[in-house]
Amino acid sequence: MTTPARRPSMADVAARAGVSYQTVSRVLNEPEIVRPETRSRVEEAIAALGYTRNRAARALKTTRSSLIGVLTDGSSLFGPAETTTAIETAAREAGYSVLLTTVGPGDAEDRSVGAELVGSGADGILVVAAHEAMVPAVAAVARHTPVLAVSAQAPRVPDVRVVGVDQQLGAMQIVEHLAGTGARSVVHAAGPADWFDARARRDGFDLALEQHDLDGEIVGPGDWTPRSGYDLTTALIARGLPDAIFAANDMMAIGVLHALHEHRLRVPEDVAVVGFDNTLGAEFLIPSLTTVSQPFAELGRVALGRLLDLLDGEDVPAGTPCTLPPRLVVRRSTGAERTH
């Protein structure tokens, strides 16, 4: 009978590196106080043995588990998926493990939502709160443990901090660009009414129309899919097109482009098209898609940092923004801005 392989211990690392157990502990917890050559030997021994830290034992010593919970709705849509990936990457780089839990349709109202995250001993929980249905989930986990919501708008939950990307600013950048190209009428093919991103983009659209004195209209809501963008555009074609269409996301913009192509309408000569998200492949559409890029990697780092500040009882300095700015990426689906 084969004996199961034993997990390597700190004592094994110490023996292989020719140092004391205490030296290995210092390399793991305070590497800056260890001589570089000694630290290098220990790190080589760790890599060779495949040693990983015993988080349960560490939690007993530090009262911290180095475990962060992440609660999502499991959406495969670009924004929520990229946000979740960014959080996981930032946590790993900071030495934290992530326990991911998905809230299924209709489960967010359940008061036991997130119980496994709380029971796991997670130091804190990040909730990717993309839409209204996630608000009860935020409230449920906030009763038991420190929580930070990653969202375009603040969920109505007392004492829950929020960080997100400024979706309203992104929409305003789009309208400003379209105005600069000479467009005088813009239609916004909106996203789902219960999604915070869609609401913020719609608000930014309205504000920018007023600022630039443009004619505008909101149609929809769509459901983030190419089909909804296609259907909304087909209806617009039947009654008359604007100078530009701003789709709520790149997937809807793909549907917009397809409908225009079917009716032999040129982009951007007959109508300009803009999306939102800068999804993979947006630059390879024909024509390449003008869109808004979101700083997901930075969002992950900021969200994790704000949660750790919350765990340490540190207040965010007054005036610190809770949103990160997006960036407009201009491509061939819109015309060049005019010089004055």
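In this predicted model, Arg201 has contacts well beyond its sequence neighbours: leaving aside residues up to four places away in sequence, Arg201 touches Gln167, Ala171, His188, Trp224, Phe246, Ala248, Asn249, Phe276, Asp277 and Gln294. The residue belongs to helix H9, which spans residues 196-212. With a relative accessibility of 2%, Arg201 falls under the 20% limit and therefore counts as buried. A polar atom of the Arg201 side chain also lies 2.6 Å from the backbone oxygen of Ala248.

Side chains of opposite charge can pair when their charged atoms come close. Arg201 and Asp197 form a salt bridge with an N to O distance of 3.6 Å; because the two are 4 residues apart in helix H9, about one helical turn separates them. Asp197 is itself buried, at 16% relative accessible area. A salt bridge also joins Arg201 to Asp277, where the closest N and O atoms are 3.5 Å apart. Here distant parts of the chain are linked, since Asp277 sits in the loop between strand E9 (272-274) and strand E10 (291-293), 76 residues from Arg201 in helix H9. Asp277 is buried as well, with a relative accessible area of 7%. Through shared partners, the salt bridges join Asp197, Arg201 and Asp277 into one network.

Helix H9 takes part in a further pairing through Arg199. Glu132 and Arg199 form a salt bridge whose closest N and O atoms are 2.9 Å apart. Glu132 lies in the loop between E3 and helix H7 (135-142) while Arg199 is in helix H9, so this pair ties together parts 67 residues apart in sequence. The count of salt bridges comes to 7.

Turning to the overall fold, the protein chain contains 12 helices and 12 strands. Six strands make up an open sheet with parallel pairing, in the order E2-E1-E3-E4-E5-E11. Its edges are strand E2 (97-102) and strand E11 (323-324), each of which pairs on one side only. Within the sheet, strand E4 (residues 147-150) pairs in the parallel sense with strand E5 (residues 161-165) over 3 bridges, and Leu148 has Arg161 in E5 as its bridge partner. Helix H5 (residues 78-93) lies across strand E1 (67-72), E2, strand E3 (124-128) and E4, and runs at about 155 degrees to E3.

For the chain as a whole, 47% of the 340 residues count as buried. Among contacts with a separation of 6 or more, 71% are between residues 24 or more positions apart. The accessible surface is about 16,900 Å², and carbon and sulfur atoms account for 51% of that area.

How values were computed: Residues are numbered from 1 along each chain as its sequence is written. This is a predicted model: local features need pLDDT of at least 70, side-chain atom pairs count only at pLDDT 80 or more; totals for chains, interfaces and linings use all residues. Side-chain values use heavy atoms; hydrogens and water are left out. Buried means under 20% relative accessible area, exposed over 50%, partly exposed in between (1.4 Å probe, protein chains only). A polar contact is a pair of N or O atoms within 3.5 Å; within protein, one must be able to donate a hydrogen and the other to accept it, and residues adjacent in sequence count only if both atoms are side-chain atoms. Contact means heavy atoms within 4.5 Å. Two strands pair if DSSP finds at least two bridges between them. Axes are lines fitted to C-alpha atoms, for helices over the stretch in contact, and angles run from 0 to 180 degrees between N-to-C directions. Accessible areas come from the Shrake-Rupley method with a 1.4 Å probe; for residues, only the protein chains shown count as cover. A salt bridge is a side-chain nitrogen of Lys or Arg within 4 Å of a carboxyl oxygen of Asp or Glu.
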